[in-house]
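Biologist: Before we discuss how the helices pack, could you show me the sequence and the model side by side?

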Amino acid sequence: LVFLPLTWQIPKLHGTADIYASLPGDLPSVVAMRELAQEFPAGQFDPYFVVLSGSALLSEEGYKAMLQLCTMLQAIGVDSILGPVYLLDQSVDWDTAQRWQKEPSSLELHKAYGKVMQSHVNGSAVLLEVFTDFLPRGSNGATWVRTVRHGLALWQEQHPEFTAFLAGGATLMVDSQDTVMHAVPTYLAVCILLISAVVFGVFRSILLPLRLAFALLFTLAATFGMAVVFYQTPLFHGLFPWLVNYDGLCFEIVPMAICIAVALGLDYDIFLVSRIVEFRKEGFNDRSSIILGVASTGGIISGAGAIMALAFSGLFFSEKLLHQQFALLLVTSVLLDTYVVRTVLVPALMMSAGDYNWWPRKMPNARR
């Protein structure tokens, strides 16, 4: 019950496409980008790109559609835009564009707009450079990219004759993150099913694989819930002020942490249950077998868990947030599994189940 609130944090878990989370915080390039974000519009020198295509883009209707798109972009964290419909922080409608190209009222504007048309127009394709007011590859990048892509999809529904694509900034990391995170549920489900099948084959019991799956899922939920509290809330910002610059869990470590946590949890569980089965075969009743099994393996499991936690804790001293997050997940899962799940939760569940632990397997009559 003490750890249940942690499992409730799972729906809030989200990955981050922040490239700086995988780099040491004192790296000169990272320090320079943090300084840039404080003193200037952070995305001024690292723009996103919106690539538009359509044969009618350079018509009056095309300009209206592009201006509508720019208005949408400006409402979601855009500092400035450069392209055929935006120049020097001001919009350029169809009439103004024609006037600047044919009969310029200002030679400077005529030259500037001409260069933009040369560099941002290629046949039926138009390029918009989008400069954000935050670090394009930082903690806000992933949310912004998804919001813009949603907006581009709505814009294309209104203008089916045009297509729009977003590139640059955090787009590649967001696509990688989505690919990994979308595969995690399938990976976890297949992993649990295969493990349950093996456990059923070894112990010839239906309930033991189900109980094992519950214990593994509880450990994972509490572990990632701890990560949510630590890295997605301001609770620990007073102790670790550098966490203010980050939000979310590095998606690269999620499948690796799940793999290791499941492997260790399974190892400890099989060790414990095997010993309980041995005592049960010797004629002890269910309650006595569970107590003796926990007593005979508790010291070994606790010692092994402590050693593993110490081994993983070295990553806490890394300068990379990615390594620190990996350490938190591994240490938390090992300690939970060792001192809560295998010593409290598993014995309690097995004692509650009684003889049903072994069904349909037949155990000898209890003599002790």
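**A loop residue and two helix pairs**

Modeller: Q232 sits in the loop that runs between α8 and β9 (249-250), where helices (H or I, at least four residues) and strands (E, at least two) are DSSP runs numbered from the N terminus. This is a predicted model, in which local features need pLDDT of at least 70, side-chain atom pairs count only at pLDDT 80 or more, and totals for chains, interfaces and linings use all residues. Residues are numbered from 1 along each chain as its sequence is written, and side-chain values use heavy atoms, with hydrogens and water left out.

Biologist: Does Q232 count as buried or exposed?

Modeller: A residue is called buried under 20% relative accessible area, exposed over 50% and partly exposed in between (1.4 Å probe, protein chains only). Because Q232 has 18% relative accessibility, Q232 counts as buried.

Biologist: How is α7 oriented relative to α9?

Modeller: Helix α7 (residues 171-203) packs against α9 at an angle of about 15°, with the axes 11 Å apart; axes are lines fitted to C-alpha atoms, for helices over the stretch in contact, and angles run from 0 to 180 degrees between N-to-C directions. Angles under 35 degrees count as roughly parallel, over 145 as roughly antiparallel, 65 to 115 as roughly perpendicular and the rest as oblique. Therefore α7 is, relative to α9, roughly parallel.

Biologist: And which term describes α8 relative to α9?

Modeller: The axes of α8 (residues 207-231) and α9 (residues 253-281) come within 10 Å and cross at roughly 140°. That angle is why α8, relative to α9, is oblique.
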